[in-house]
Structures are given as C-alpha cells and as structure tokens.
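Let's take a walk through this structure, one spot at a time. Have the sequence and the 3D view ready as you read.

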Amino acid sequence: MTTFRSDFVRAVVERGYLHQCTDLEGLDGLAAEQRVTAYIGFDCTAPSLHAGSLVSIMLLRRLQQAGHKPIVLMGGGTTRIGDPSFRDESRPLLDDAKIAENMAGIQKVFAKFLTFGDGPTDAVMVNNADWLDTLEYIPFLRDYGRHFSVNRMLSFDSVKIRLDREQPLTFLEFNYMILQGYDFLELNRRHKCALQMGGSDQWGNIVNGVELARRVDGATLYGLTTPLLQTASGAKMGKSAAGAVWLNEDMLPAYDYWQYWRNTEDADVGKFLRLFTDLPEAEIARLEALAGAEINEAKKVLATEITRLCHGEAAAAAASETAKRTFEEGAIGDGLPTLDVPAAELEQGVAAFDLFRRAGLAASNGEARRLIKGGGARINDVPVANEMQPVTLADRAGGVIKLSAGKKKHTIVRAV
C-alpha cells in the first residue's frame with residue numbers, strides 16, 4: 001500500500017475522492033512541503049447547486065482541513081458559453097442578469113463548508129468574468145490559442161462522445177476548454193494556484209490548463225479529478241424521483257434533504273460517510289459494518305451529519321426528530337413539507353392525482369396516476385382507491401391532510 005507524505009493526498013485517496021491525477025507523487029510532495037492553493041470552478045447554470053456538486057465542495061473542505069488554501073471560482077464568464085462536456089446538446093444561453101441571479105444563489109452554500117477570510121488558509125471566492133470579459137479576441141488567439149492543438153482537443157472523451165453521437169458541437173462551445181485552461185493560468189498568476197480539481201468529466205479541460213501554464217509561463221501545475229458518482233443501483237447522484245436534490249433550503253426543505261440521504265442504498269452507506277461527512281474512519285467502519293435492520297441507524301447518522309453540514313445543527317436535529325415522529329411513532333412531524341391550498345378549492349374537491357403532483361410527491365400527472373394505480377399513494381394513511389378521488393376539507397385530520405407516497409415520502413396539506 002502506498003504511503004503518502006501529505007495529509008491532503010492521503011485523505012483524498014483514503015476517503016475515495018481520487019479518479020485521476022496528472023502527477024500524484026509530485027502533488028503529494030508539494031503538499032507535504034508547502035501550502036497548496038487549489039481551485040474548483042462552478043458555472044452559474046441554476047440558482048442553486050445540487051447534491052451532485054457535494055463531492056467537489058467536500059474536496060475543497062478536505063483541502064482546507066489539511067492546511068491548504070481553497071479558491072471557489074464562479075463561472076461568471078464561462079457560463080455565457082456553457083460547458084459542453086459529455087452533453088448531447090448545447091446548454092441554453094443565459095443573459096447576464098440571470099447569470100448574476102444564479103451566482104448569488106450558488107454563493108450562499110460555500111460558507112457552510114469553508115472558512116472564508118484573509119488568512120493564509122482561508123478560502124477566497126473569485127469570478128472568471130473579471131479577466132475573461134476584458135480579453136481581446138485577436139491578441140488572445142495569438143498569445144494563447146496557438147498553444148492548443150485541435151487534434152488533441154478532438155481526442156478528449158468529452159468531445160469525442162458528442163461527435164460520435166453525431167450531435168453538433170458549436171464553435172462557441174469548442175472555445176470552452178480554451179477559456180477554462182486560461183482560467184488556470186490566470187489563477188496561478190494572480191493567486192499562485194497550483195492545483196485544479198473537478199469531476200472526471202473535466203479531465204481534458206484540466207489537462208489543457210496544466211499544459212498551457214507550462215508552455216506559456218514554464219509553471220508546474222497539477223490536475224486532480226474525482227470519480228463520476230452513481231448510487232449502487234446506477235442512479236445519478238443528486239437526482240431524486242421528484243427532481244434535483246438542491247443544496248439551498250429555499251429550493252428543497254431541510255427535511256426532504258435529510259430524507260434523500262436517509263434513503264441511501266445499503267451498499268452506499270460507507271462510501272457516502274467517507275465522502276460527505278467528517279466522521280473518522282473508525283466510526284465509519286463501525287457504521288458500515290452494521291447488518292440487517294441495524295444499517296438503518298447508520299443511514300440516520302449519515303443523513304443527520306450531511307444535513308448538519310449543509311443546513312446547520314438545528315435543521316438536522318429537527319429533520320431527524322420529524323422522521324422519528326412520522327415513521328417510528330406514527331405521528332405527524334412538525335417539519336414535514338407542507339402544501340397550502342385555498343380552502344375554497346378544497347371545499348369543491350381536488351382530484352387526488354393533481355394534489356399528489358402539486359405536493360411534489362410525483363413529478364407529473366402521469367407519474368401521480370401510476371403511483372395511485374400501483375397502490376403507493378395514501379391519504380391520512382389510507383390507500384387512495386381512485387386517481388380521480390376528490391380530496392376535500394372533510395379529509396382533514398387534526399386540521400390537516402397527510403399525503404404519503406410509499407413509506408418514506410410525506411407532505412402535509414393545509415387549507416388557507
């Protein structure tokens with residue numbers, strides 16, 4: 001077994017963050033001898049990041065915990081183009097106002113995971129629009145474009161897959177990897193940043209940056225990627241039946257976030273504990289060794305620890321208590337998601353399938369109908385017999401109506 005000199009690289013390998021590295025031995029030596037500044041970029045394509053971004057966020061946290069300096073790079077400039085990596089079609093182009101709005105939403109989450117400030121290991125947040133917006137096209141092509149080989153760019157999987165599927169790759173998108181490579185060069189010049197990290201789909205873009213800095217400035221930089229995360233059953237991380245698992249509470253309540261992690265598959269418990277919590281290895285080993293029904297206790301720990309990092313101690317405790325009251329004591333937990341419906345509408349009656357869709361317990365009317373037909377929908381713990389069954393004020397129990405999809409998803413309907 002390889003022995004690593006630096007705490008950072010050791011944590012990256014032992015906790016499951018490593019997929020590829022341009023020079024792992026060199027990076028390990030650098031991190032053992034001096035403080036390393038590293039960055040990960042986040043484009044502003046939505047008003048919140050989702051759980052699929054947690055690996056990157058936690059990797060920056062591990063970096064800081066090991067005594068190094070993280071840079072969070074906001075893609076105010078690159079979002080205008082859209083990263084084509086492993087996509088079948090172009091991303092929709094966003095205007096500057098929408099990009100700024102999305103950036104404001106995304107920025108909120110990082111302070112929960114990282115310590116920002118002016119200290120030597122404090123995280124900083126920068127925006128690549130600060131330098132990309134001022135580039136002049138002809139000088140940029142002359143000074144930097146000549147260092148990029150089209151032959152090499154076409155060989156990257158992120159591009160090859162798009163072309164192999166005979167999907168068009170616009171010239172605008174083709175520029176993305178050049179601009180990302182330039183970001184790395186610029187961050188090295190401005191902040192002495194020596195390491196770029198990202199998901200495995202970013203490998204080609206990261207390598208371009210490493211090579212550009214070597215050719216232009218003679219700098220030795222490093223790149224490291226994380227594995228593409230899927231659940232044990234092959235589902236994509238950060239997605240649920242109801243949609244994206246957002247990190248901002250205004251887009252997904254803390255209870256729903258807690259419940260997503262509580263529903264982790266047995267085979268993923270240990271992996272997720274290592275990636276997404278600060279629990280020590282000995283405790284993780286104990287939890288993942290639990291068998292049978294006891295593994296559910298490990299899932300509760302996982303959900304609470306992950307929710308605590310993202311939403312705080314109080315929200316995590318409240319979500320855990322709500323789940324306990326709802327599932328173990330048969331009561332209606334105070335923290336369950338709620339749907340307010342006008343009393344006049346409920347007086348007339350709302351079709352069951354429509355109410356389940358509106359409550360977020362089904363992604364569409366068709367999915368709601370299938371849920372009911374399959375026997376998975378309940379109102380006040382009583383199975384729904386018919387998709388058109390009207391739900392009215394008369395269905396209130398204790399002043400509210402409890403909707404359930406399966407055994408683990410519940411929403412409270414209130415008349416207002």
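Lysine 192 is exposed, with a relative accessibility of 69% (exposed means over 50% relative accessible area, buried under 20%, and partly exposed in between, using a 1.4 Å probe and protein chains only). You'll find lysine 192 in the loop between α10 (176-191) and β5 (195-199). Those labels come from DSSP runs, numbered from the N terminus: helices are H or I runs of at least four residues, and strands are E runs of at least two. Most residues other than glycine have a negative phi.

Before going on, keep in mind that this is a predicted model, where local features need pLDDT of at least 70 and side-chain atom pairs count only at pLDDT 80 or more, while totals for chains, interfaces and linings use all residues. Residues are numbered from 1 along each chain as its sequence is written, and side-chain values use heavy atoms, with hydrogens and water left out.

Now for a pair of helices. Helix α13 (residues 269-276) packs against helix α15 (residues 295-311) at an angle of about 20 degrees, and their axes are 10 Å apart. Here, axes are lines fitted to C-alpha atoms, for helices over the stretch in contact, and angles run from 0 to 180 degrees between N-to-C directions. So α13 and α15 are roughly parallel to each other, the word for angles under 35 degrees. On the α13 side, the contact (heavy atoms within 4.5 Å) is made by Val269, Phe272, Leu273 and Phe276. From α15 come Ile295, Ala298, Lys299, Leu302, Ile306 and Leu309. Sorted by type, the residues of this contact are nine nonpolar, no polar and one charged (Ala, Val, Leu, Ile, Met, Phe, Trp, Tyr, Cys and Pro count as nonpolar, Asp, Glu, Lys and Arg as charged, and the others, Gly among them, as polar).

Stay on α15 for a moment, as threonine 307 sits in this helix. Threonine 307 is buried, at 0% relative accessibility. Leaving aside residues up to four places away in sequence, threonine 307 touches Ala254, Tyr257, Trp258, Gly312, Ala315 and Ala316.

What about disulfides? The structure holds zero of them, a disulfide being a pair of cysteine sulfur atoms within 2.5 Å. For cysteine 44, the nearest cysteine sulfur is that of cysteine 310, 17 Å away. Cysteine 44 is buried, with a relative accessible area of 0%, and cysteine 310 counts as buried at 0% relative accessibility.

How values were computed: Parallel < 35°, antiparallel > 145°, perpendicular 65-115°, else oblique.
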